[in-house]
Amino acid sequence: MTDLFDGIAGHAQALEQLRSQVSTARLAHAYLFVGESGLGKTSTARALASSLLPEAPLSRHPDYWEDDRIKPLSINEIRLLPDKPPEFHELSLQAFLNLKPAVGARRVAVVANVGRLRDQDQSVLLKTLEEPHPHRVIVLTTPSLNPFVVLPTVVSRCQRVFFHPVPSPEIEKLLAGHGVDGGRAKMVADLARGRPGWALRVAGDEGVIELHRSWTRRLEEVFGAPADVPLQVAAELDAGQMAWRRTEGEAEDPALFAIASWQIELRRRMLASRGPEQGAWARLVELSYDTLGYLEQNVSPRLALETFLLECRKAS
């Protein structure tokens with residue numbers, strides 16, 4: 001029997017929860033898939049929808065509605081009686097859910113990154129979550145449960161399913177299953193920081209591999225160099241991250257990507273050395289993870305990067 005989540009890497013607990021609910025027909029009317037971008041939340045939502053709507057592919061199933069665009073979702077795409085026709089769908093979400101299933105037993109809707117909706121528009125969506133029609137399933141995704149991202153009232157009306165970073169070997173296996181060369185699969189998996197979706201998206205992108213090599217060379221320049229060299233690298237990376245924050249889209253945070261590249265090189269050196277030297281490289285690997293933590297907190301990114309790179313300078 002084919003697993004309905006075949007092709008989804010990791011997330012054993014979340015997938016088992018959903019399998020159990022599908023098999024027993026004890027589905028929630030609304031789910032909130034929680035986890036950072038690229039972990040596989042939307043892919044899992046589509047797999048769940050496919051299992052509930054087996055009559056036709058989702059791309060042409062009349063009982064399926066999806067919006068996974070980066071662009072903010074307008075109120076006319078949500079409201080039962082919009083001011084003007086929806087721009088991207090034949091029906092608004094509420095109009096779609098208000099109709100009986102056309103060919104299947106249910107109607108299923110997926111809204112990726114519900115935080116795209118303004119608070120007042122999430123409040124409109126809340127009415128649908130509070131008064132669900134029978135035989136309807138709504139799946140929302142969000143990178144965070146922060147109340148500034150998704151309203152607590154929306155969270156409270158959904159069954160939450162949590163997605164966590166996927167171990168690198170599982171991502172490597174996923175990439176290999178998609179025909180990615182072994183060495184490349186391992187490198188991309190190590191760069192992915194637990195995100196199989198990101199890994200699949202960039203697996204064939206030579207620019208990503210070249211960027212990895214470029215940051216590796218920059219780290220090598222830091223080893224044993226005068227103090228101004230790591231400070232300059234930190235300044236460049238801080239400026240790159242500030243520019244990235246002003247842009248929209250799915251581009252990778254340059255600071256996080258650089259650290260992922262550096263971790264690959266530091267692990268390689270750690271495994272190739274012995275004794276006290278190996279311990280020194282291991283401490284730098286550990287410090288790289290500390291630096292990732294600092295970048296997620298209210299700490300100056302430049303200061304965190306300078307501290308890390310100045311320690312790397314002592315290595316040779």
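Biologist: Which residues lie nearest the centre of the second largest pocket?
Modeller: Arg193, Gly194, Gln263, Tyr289 and Leu292 lie nearest its centre, out of 16 residues that line the pocket. Keep in mind that this is a predicted model.

Biologist: Okay, and which elements give two or more residues to that lining?
Modeller: Those are α6 (168-177), α7 (182-191), α11 (254-272) and α12 (275-295). The largest share of the lining, 3 residues, comes from α11.

Biologist: What's the volume of this second largest pocket, and what does its lining look like by class?
Modeller: The second largest pocket has a volume of about 300 Å³. By class, its lining has 8 nonpolar, 5 charged and 3 polar residues.

Biologist: You mentioned α12. I'm looking at Thr291, so where is that one?
Modeller: Thr291 is found in helix α12.

Biologist: Is Thr291 buried or exposed?
Modeller: Buried, because its relative accessible area is 1%, and anything under 20% counts as buried.

Biologist: What does Thr291 touch, then?
Modeller: Leaving out residues up to four places away in sequence, Thr291 touches Ile259, Ala304 and Phe308.

Biologist: Let me zoom out. How many helices and strands are in the protein?
Modeller: The protein has 13 helices and 5 strands. Its C-alpha atoms fill a box of roughly 70 × 45 × 30 Å, taken along the principal axes.

Biologist: And what share of the residues is buried?
Modeller: Buried residues make up 46% of the 316 residues. As for contacts with a separation of 6 or more, 66% of them are between residues 24 or more positions apart.

Biologist: Which residues of α1 are buried?
Modeller: Ala14, Leu15, Leu18 and Gln21 are the buried ones in α1. They cover an arc of only 130° around the axis, so they sit on the same side of α1.

Biologist: What do those buried residues pack against?
Modeller: The buried residues of α1 pack against β1 (30-34), α2 (41-52) and β5 (159-162).

Biologist: And which exposed residues are on the face turned away from the buried side?
Modeller: On α1, that face carries the exposed residues Ala12, Gln13 and Ser23. Just after α1, Ala25 takes a positive phi of about 60°.

Biologist: How about α10, what's its reach?
Modeller: Helix α10 (residues 228-245) has 18 residues and reaches 26 Å from its first C-alpha to its last, close to the expected 26 Å.

Biologist: Which α10 residues are buried, and what do they pack against?
Modeller: Pro230, Val233, Ala234, Ala235, Leu237, Asp238 and Gln241 are buried in α10. The buried residues of α10 pack against α9 (206-222), α11 and α13 (301-313).

Biologist: Last topic, cavities. How many of 30 Å³ or more did you count?
Modeller: The count comes to 1 cavity of 30 Å³ or more. The largest cavity has a volume of about 50 Å³.

Biologist: Which residues line the largest cavity?
Modeller: His29, Leu97, Thr128, Pro132, His133, Arg136 and Ile138 line the largest cavity. By class, that gives 3 nonpolar, 3 polar and 1 charged residues.

Conventions: Residues are numbered from 1 along each chain as its sequence is written. This is a predicted model: local features need pLDDT of at least 70, side-chain atom pairs count only at pLDDT 80 or more; totals for chains, interfaces and linings use all residues. Side-chain values use heavy atoms; hydrogens and water are left out. On a 1 Å grid over the protein atoms alone, a cavity is a set of points where a 1.4 Å probe fits but cannot get out, and a pocket is an open set with protein on both sides within 12 Å along at least five of seven lines; lining residues have an atom within 4 Å of a point. Grid points are joined across faces, edges and corners, and a volume is the space filled by probe spheres set on the points. Ala, Val, Leu, Ile, Met, Phe, Trp, Tyr, Cys and Pro count as nonpolar, Asp, Glu, Lys and Arg as charged, and the others, Gly among them, as polar. Buried means under 20% relative accessible area, exposed over 50%, partly exposed in between (1.4 Å probe, protein chains only). Helices (H or I, at least four residues) and strands (E, at least two) are DSSP runs, numbered from the N terminus. The arc is that of the directions from the helix axis to the C-beta atoms. Contact means heavy atoms within 4.5 Å. The expected span of a helix is 1.5 Å times one less than its number of residues.
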